[in-house]
Amino acid sequence: ELIVRVSAVQAVSEIDSRSGWDTLVQAMQSELPVIRYCAADIMGRLGKLEAIPHLIQAASGPNPHVQSIALDGLSRLNAIEALPLMIQALDSQNDEVVFSAKQALMKLNNREMVCAALLQNLSDSHTERRASVIELLATMGERQIVPLLKDLLESDDSTLSMAAANGMLIL
């Protein structure tokens, strides 16, 4: 029965764009995470900007698989309005969500805005987020973090000193 529901969501969205869209919106409210996952995946692939609020809601939800696919969809749509949510997702306890958030941040087209937002999160964020931000900035080639990386190499916090070392290697 579950496979039939998933297939139905996918098929309707491909056959009829208007009623298909309505079906996707309804599917995003399903109690079943697999239905929400499929709907979020399709919404992200369709390229419709009207999907952004639905994907933001899905990326804020409780299921890590749905969160991850929603973050991917937001990056496909270049949803810069989801930038704070993507940065917040770096704090997730789920590795898949953190990976998806990193990938989404790197895919956004407005590199300057992404880097500025990441730089703001260096001073007042959790250790894990700071480590992720350091590695993201290094991956994006932000050489202005080199002095910070040098300082963090001496940090008592092994997570941050390791992130700094990785950042230096990347740059």
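**A buried residue and the helices of the chain**

Ala39 counts as buried, because its relative accessibility is 0%, and the cut-off for buried is under 20% relative accessible area. The model in which this value was computed is a predicted one. Ala39 has its place in helix α3, which covers residues 33-46. Although Ala39 and Leu24 are 15 residues apart in sequence, their C-alpha atoms lie 5.3 Å apart in space.

Of the 171 residues in the protein chain, 45% are buried, and Ala39 is one of the buried residues. When contacts between residues at least 6 apart in sequence are taken, 57% of them join residues at least 24 apart. The accessible surface of the chain comes to about 9,100 Å², and carbon and sulfur atoms account for 52% of that surface.

Burial can also be followed along a helix. In helix α8, which spans residues 111-120, the buried residues are Val114, Cys115, Ala117 and Leu118. These four cover an arc of only 165° around the axis, and therefore they lie on the same side of α8. The face of α8 turned away from that buried side carries the exposed residues Glu112 and Gln120. The buried residues of α8 pack against α6 (83-89), α7 (95-107) and α9.

Helix α9, one of those partners of α8, also packs with another helix. Helix α9 (residues 127-139) and helix α11 (residues 158-170) pack at an angle of about 5°, and their axes are 8 Å apart. Because of this angle, α9 is roughly parallel to α11, the cut-off for that description being an angle under 35 degrees. On the α9 side, the contact is made by Thr127, Glu128, Arg130, Ala131, Ile134, Glu135, Ala138 and Thr139, while α11 contributes Thr159, Leu160, Ala163, Ala164, Asn166, Gly167 and Ile170. Sorted by class, the contact of α9 with α11 consists of seven nonpolar, five polar and three charged residues.

Notes
Residues are numbered from 1 along each chain as its sequence is written. This is a predicted model: local features need pLDDT of at least 70, side-chain atom pairs count only at pLDDT 80 or more; totals for chains, interfaces and linings use all residues. Side-chain values use heavy atoms; hydrogens and water are left out. Buried means under 20% relative accessible area, exposed over 50%, partly exposed in between (1.4 Å probe, protein chains only). Contact means heavy atoms within 4.5 Å. Accessible areas come from the Shrake-Rupley method with a 1.4 Å probe; for residues, only the protein chains shown count as cover. Axes are lines fitted to C-alpha atoms, for helices over the stretch in contact, and angles run from 0 to 180 degrees between N-to-C directions. Helices (H or I, at least four residues) and strands (E, at least two) are DSSP runs, numbered from the N terminus. Angles under 35 degrees count as roughly parallel, over 145 as roughly antiparallel, 65 to 115 as roughly perpendicular and the rest as oblique. Ala, Val, Leu, Ile, Met, Phe, Trp, Tyr, Cys and Pro count as nonpolar, Asp, Glu, Lys and Arg as charged, and the others, Gly among them, as polar. The arc is that of the directions from the helix axis to the C-beta atoms.
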